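Here is a short briefing to read alongside the structure. Have the viewer open, and let's walk through it topic by topic.

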Amino acid sequence: MPGKDFLALMLQVGFHRAGLIRYTGFKSSPYTEGALLYGEKLVPGQARDDVASQAEPAPALLKEPTCEPGGT
Amino acid sequence: MSPEMTEPEIQKVQQGIKEKYDRVAAAGSGGCFQYPTGKAGMELQGYSPELIKIFPPEVLAAFCGVGNPFSLGSLAPGDAVLDIGCGAGVDSLVAAHLVGAGGRVMGLDVTPAMVERARAHQARLGLANVTFQVGEAEALPFPDATFDAIISNGVFNLTLDKEKALNEAHRVLKPGGRLMLADMVLVAALPPDLGDKVENWFQ
């Protein structure tokens, strides 16, 4: 799932201050990359803050597989 | 969940993920991922050198995370923390160290073999404030508002129903609780010949 779609789900279920903070550079395939995502559960009476951020993917830190192709 | 997946396809995905992580549990130290794992992976993701040096090599070798969820915020002494998809327990044990004796950490994983490895690592370190159990992200076996923080590392991408898993995470967090995730996301469209393959879930 693209990060922006995952973020949209986080907001949909009620998280606020949700954001894709940054990519980690770890790739499990040419199509996927690690990302750091953050959200908070609202305190009753607290105003929502729905500003989400999304950084650009980081340079690859791809390692040659030493076993079968894998992912996570 | 992908609406076009049939029940046999769902079962195939679940079985494939289980078999893959049974293999990871049995293999011990990584080697089956296309990114750095073990101590090198932790160092590249900025885990604290002070934390890394207190863990024995066999525990460090089990790290297969895709990022560092602890870089998203601090855990306070006394916090209650849930690690969804704890695997061999490395992040749970990091969290247990950070929250101290007054805190508690629950590591949850769908693969019994990984939970057994996590318990062995816990015993090796002698930490009493962490517990591991088998369970699913889509049906968290905890009451509402139980945890101050949830961490997870490379797991939500493997859940078939991400909305349900996120709803469950939201439910078990206390008000003001933090969700701190490292996970795999798509950064490019899958080619058509790959996009529909059930095997993509667990390769």
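Which residue of β5(B) does Gly34(A) stand opposite? Its counterpart there is Met184(B). Please keep in mind that this is a predicted model.

- An open sheet is formed by 7 strands, and you can trace it in the order β1(A)-β2(A)-β5(B)-β4(B)-β1(B)-β2(B)-β3(B).
- The pairing in this sheet is mixed.
- β1 (15-29) of chain A and β3 (130-134) of chain B stand at the edges; each has a single partner strand, so one side of each is left without a neighbour in the sheet.
- On average, and with direction ignored, neighbouring strands of this sheet are turned by 15° against each other.
- Within chain B, strands β4 (residues 147-153) and β5 (residues 173-186) pair in the parallel sense over 6 bridges.
- If you want to find this pairing in the viewer, look for Phe147(B), whose bridge partner in β5(B) is Leu173(B).

**Helices on the sheet**

- Helix α7 (residues 162-172) of chain B packs on the sheet and touches strands from both chains: β1 and β2 (32-41) of chain A, and β1 (80-84), β4 and β5 of chain B.
- The direction of α7 of chain B makes about 150° with that of β5(B).
- Helix α6 (residues 112-125) of chain B lies across β2 (104-109) and β3 of chain B, and runs at about 165° to β3(B).

**The nonpolar core**

- The largest nonpolar core has 68 residues, and Leu37(A), Val81(B) and Ile150(B) are those with the most contacts inside it.
- β5(B) gives the most to this core, with 7 residues.
- Leaving out residues up to four places away in sequence, Val81(B) touches several residues, among them Leu75(B), Ala95(B), Val99(B), Val105(B) and Ile151(B).
- Phe147(B), the bridge partner of Leu173(B), is also among the residues that Val81(B) touches.

**Where the chains meet**

- Chain A brings 41 residues to the contact and chain B brings 36 residues.
- On the side of chain A that touches chain B, α1 (3-13), β1 and β2 each supply at least two residues.
- The largest share of that side of chain A comes from β2(A), with 10 residues.
- By type, the residues on the side of chain A that touches chain B divide into 24 nonpolar, 11 polar and 6 charged.

Conventions
Residues numbered from 1 in each chain as written. Chains lettered and ligands numbered in written order. Predicted model: local features only at pLDDT ≥ 70, side-chain atom pairs only at ≥ 80, totals over all residues. Pairing = 2+ DSSP bridges. Helix = DSSP H or I, 4+ residues; strand = E, 2+ residues; numbered from the N terminus. Axes fitted to C-alpha atoms, helices over the stretch in contact; angles between N-to-C directions. Contact = placed C-beta atoms within 7 Å. Core = buried A, V, L, I, M, F, W, Y, C linked by C-beta atoms within 7 Å. Buried ≥ 20, exposed ≤ 12 C-beta atoms within 10 Å, placed from the backbone. Nonpolar A, V, L, I, M, F, W, Y, C, P; charged D, E, K, R; others polar.
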